[in-house]
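Please work through each task before reading its solution.

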Amino acid sequence: MAREVRAGVEELYDELFGPLVRLAHLIVLDGQEARDVVQDCFAGAIARWDEIEDPRAYLRRSVANRSYRAVRDRRRRHEKAERWRAGAPLVETGEPDVLADAIVALPPKQRAVVVLRFYVDLSTDDIAAALDVPRGSVGPTLGRALARLKQEVER
């Protein structure tokens, strides 16, 4: 990034970060998520900085849209979890798939390890690299996930 563009981005960041976080916070109602939304929007804007005519307007619109999307996605995740608790399948395959539903219900890290191991067929070293975790944590995480899956499938 050219020095003058970088200086302009930094100046705009200093000026707009606080107001944009407040905008996002009023929509998503979560301070950390609001900061994440604004950071993502700035990162996206920097990637196409030369194409943006009015960076202030672009960033406000981007923050508002991404905030709405975050709320909608959160609501969908919540509704899906509620359906699962009520016994409905989480993965729509046309027929009941207890294993797929159980995998979806795993915590994110365990779900990632299971999918990378059994669906993508990665080795322990490759899983550790993909998730940026110590190699020694992959086996125990996989073990806990498999134990939860066994419990869920046997129900």
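**Exercise 1.** Determine at what angle helix 4 and helix 7 pack, and which residues make the contact.

*Solution.* Step 1: helix 4 (residues 98–105) and helix 7 (residues 135–154) pack at an angle of about 135 degrees, and their axes lie 9 Å apart. Helices are DSSP runs (H or I, at least four residues), numbered from the N terminus; axes are lines fitted to C-alpha atoms over the stretch in contact, with angles from 0 to 180 degrees between N-to-C directions.
Step 1: helix 4 and helix 7 are therefore oblique to each other, since angles under 35 degrees count as roughly parallel, over 145 as roughly antiparallel, 65 to 115 as roughly perpendicular and the rest as oblique.
Step 2: on the side of helix 4, V98, L99, A102, I103 and A105 make the contact, and on that of helix 7, R148, L149, E152 and V153; contact means heavy atoms within 4.5 Å.

The model is predicted: local features need pLDDT of at least 70 and side-chain atom pairs pLDDT 80 or more, whereas totals for chains, interfaces and linings use all residues. Residues are numbered from 1 along each chain as its sequence is written, and side-chain values use heavy atoms, without hydrogens or water.

**Exercise 2.** Compare the reach of helix 5 with its expected span, and identify its buried residues.

*Solution.* Step 1: helix 5 (residues 108–119) has twelve residues and reaches 15 Å from its first C-alpha to its last, close to the expected 16 Å; the expected span is 1.5 Å times one less than the number of residues.
Step 1: Q110, V113, V114 and L116 are the buried residues of helix 5. Buried means under 20% relative accessible area, exposed over 50%, and partly exposed in between (1.4 Å probe, protein chains only).
Step 2: helix 4, helix 6 (124–131) and helix 7 are among the elements covering these buried residues.

**Exercise 3.** Locate D121 and L29, and state whether each is buried or exposed.

*Solution.* Step 1: D121 lies in the loop between helix 5 and helix 6 and has a positive phi of about 65 degrees, although not a glycine. With a relative accessible area of 58%, D121 is exposed.
Step 1: L29 is in the loop between helix 1 (3–28) and helix 2 (31–47), with a positive phi near 60 degrees. L29 counts as exposed at 67% relative accessibility.

**Exercise 4.** Describe the surroundings of L59.

*Solution.* Step 1: L59 belongs to helix 3 (residues 55–85) and counts as buried at 0% relative accessibility.
Step 1: leaving aside residues up to four places away in sequence, L59 touches L12, L16, L20, C41, F42 and A45.
Step 2: C41 is 18 residues from L59 along the chain, with 6.6 Å between their C-alpha atoms.

Terms used: Helices (H or I, at least four residues) and strands (E, at least two) are DSSP runs, numbered from the N terminus.
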